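Dear colleague,

Please find below the structure that I am handing over to you, with its sequence. My findings follow directly after it.

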Amino acid sequence: GLRNNYDELTFALINSPIIGNLVELNISAGEMTDIAAEALFNCPAIRQLDTLDISYNWVNYEMRQKINQLNINLICESDKPEDYRFWPANE
């Protein structure tokens, strides 16, 4: 698990050879945004995961639904508004 992650860490993981060896990936409770989530979705190695946890990040509803279309167990609980578009200025 890479909890408390951020976009740069997600990009580093996607470009790392280790991602091809993972069965489960927990990148919850962080500051990952839709930009990194889209890159994660487009990473072929992500499709071989059994479970992906992206809970409590800054990934909007549409992106969570897109990732949910993959044939993996997606955990994506959220304490953020369902349809936010911008990073809140005070968080």
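Of the 91 residues in the protein, 42% are buried. Please bear in mind throughout that this is a predicted model. Its accessible surface comes to about 5300 Å², and carbon and sulfur atoms account for 51% of that area.

Overall fold. The protein contains three helices and three strands, and from the N terminus on these elements follow the order α-β-α-β-α-β. Among contacts between residues at least 6 apart in sequence, 64% join residues at least 24 apart.

Confidence. The average pLDDT of the protein is 85, and 85% of the residues score at least 70. Helix H2 (residues 34–41) has the highest confidence, with a mean of 96, whereas H3 has the lowest, with a mean of 91. Residues 84–91 call for separate mention: pLDDT stays under 50 there, and the model has 12 contacts beyond four places in sequence for this stretch.

Helix H1. Four residues of H1 are buried, namely Asp7, Thr10, Leu13 and Ile14. These residues lie on the same side of H1, because the arc that they cover around the axis is only 125°. An α-helix has 3.6 residues a turn, so residues three or four places apart point the same way. The partners against which the buried residues of H1 pack are E1 and H2.

Helix H2. In this helix, Ala36, Ala37, Leu40 and Phe41 are buried. They too share one side of the helix, since their arc around the axis of H2 is only 145°. The cover over the buried residues of H2 includes helix H1 (7–14), strand E2 (51–53) and H3. Phe41 also has a charged neighbour: the charged end of Arg47 sits over the Phe41 ring, 5.1 Å from the ring centre. As for pairs between aromatic rings, a search of the whole structure finds zero.

Two loop residues with positive phi. Ala29, in the loop between strand E1 (24–26) and H2, has a phi near 55°, which is a positive value in a residue other than glycine. Is Ala29 buried or partly exposed? Its relative accessibility is 24%, so Ala29 counts as partly exposed, given that buried means under 20%. Tyr56, in the loop between E2 and H3, likewise is not a glycine but has a positive phi, of about 55°. Tyr56 has a relative accessible area of 32% and is therefore partly exposed.

Helix H3 and Tyr61. Tyr61 belongs to helix H3, which spans residues 61–68. With a relative accessibility of 37%, Tyr61 counts as partly exposed. How far apart in space are Tyr61 and Asp34, which are 27 residues apart in sequence? From C-alpha to C-alpha, the distance between Tyr61 and Asp34 is 9.7 Å.

Yours sincerely

Conventions:
Residues numbered from 1 in each chain as written. Predicted model: local features only at pLDDT ≥ 70, side-chain atom pairs only at ≥ 80, totals over all residues. Heavy atoms only, no water. Buried < 20%, exposed > 50% of the residue type's maximum accessible area, 1.4 Å probe, protein only. Phe/Tyr/Trp six-rings, centres within 6.5 Å; stacked < 30°, edge-to-face > 60°. Lys NZ or Arg CZ within 6 Å of the ring centre and 35° of its normal. pLDDT = per-residue confidence, 0-100. Contact = heavy atoms within 4.5 Å. Arc of directions from axis to C-beta. Areas by Shrake-Rupley, 256 points an atom, 1.4 Å probe, with all protein chains shown as cover.
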